[in-house]
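User: I have a protein chain to study and would like to go through it by question and answer. Please show it first.

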Amino acid sequence: MAGCAGQTEDFSTEVSQLKEQVSQLSAENEKLKAELAEAANTAAVSEASSEPAPEPSADAGSVLELKKALVIADFAEVTLTKTEFTSKVVPPKPDSFYNYYEIKDAENIYLDIVLKFKSLLSSSKGADEFANVQVKYDSKYEYESFSAIEESGGGNFTYTNITNIEPLKTGVLHFIAELPKEAAKDKKPIDIIVTIEGKEYVYSLRSE
């Protein structure tokens with residue numbers, strides 16, 4: 001009986017040791033799981049950080065809309081009032097004598113772009129210094145424009161380079177670009193790009 005008791009005691013000791021080992025292994029296993037989870041999270045964060053940042057969306061302020069005033073602080077309130085294809089640009093309310101611009105090449109046509117500028121400056125500024133206008137046709141062909149300013153309430157045109165716009169007063173400018181006549185008839189896109197104080201504002205006259 002004493003021998004049996006000794007064997008039972010040894011067996012109990014082994015069981016206790018095994019339980020302790022199992023407990024230690026379980027603890028190590030849980031620790032390992034936690035470390036693996038942390039490593040996975042770190043990798044995910046690192047991967048997310050390495051992805052290229054999305055490009056900023058287009059600035060809504062860079063879009064020019066027809067007959068909607070665009071206010072450029074301390075510079076001008078700008079309104080695109082009209083665009084028109086024509087072979088002859090005349091003042092809106094012609095006097096008995098007036099200046100006009102007539103196309104010379106029968107294969108081409110004028111695009112008359114009318115912009116109204118109310119000066120928000122504290123002093124006068126040359127009318128030709130408020131903006132530059134370019135036309136892009138078919139997404140690749142670029143055309144410069146020349147400008148004229150209305151006088152006598154729209155009864156005549158005069159030169160922008162000899163005319164000032166006084167503070168809080170308004171000038172109506174015509175930017176005239178010469179394009180191939182086909183541009184007035186087809187469906188290809190036309191963008192009007194108005195550059196003011198170094199920033200471009202785009203009006204899509206015709207989209208694809």
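**A buried aspartate and the cores**

Analyst: The side chains of Asp-186 and Tyr-137 are joined by a polar contact of 2.3 Å (a pair of N or O atoms within 3.5 Å, one able to donate a hydrogen and the other to accept it; residues adjacent in sequence count only if both atoms are side-chain atoms). This is a predicted model, where local features need pLDDT of at least 70, side-chain atom pairs count only at pLDDT 80 or more, and totals for chains, interfaces and linings use all residues. Residues are numbered from 1 along each chain as its sequence is written, and side-chain values use heavy atoms, with hydrogens and water left out.

User: Is Asp-186 buried or exposed?

Analyst: Buried means under 20% relative accessible area, exposed over 50%, and partly exposed in between, with a 1.4 Å probe and protein chains only. Asp-186 has 19% relative accessibility, so Asp-186 counts as buried.

User: Which residues does Asp-186 touch, not counting those up to four places away in sequence?

Analyst: Contact means heavy atoms within 4.5 Å. By that rule, Asp-186 touches Tyr-137 and Arg-206.

User: Which residues of the largest nonpolar core touch the most other members?

Analyst: A nonpolar core is a set of buried Ala, Val, Leu, Ile, Met, Phe, Trp, Tyr and Cys residues joined through side-chain atoms within 4.5 Å. The largest one has 31 residues, and those touching the most other members are Leu-64, Ile-113, Leu-115, Phe-117, Phe-175, Val-194 and Ile-196.

User: What percentage of the residues of the protein chain count as buried?

Analyst: The protein chain has 208 residues. The share of them that count as buried is 31%.
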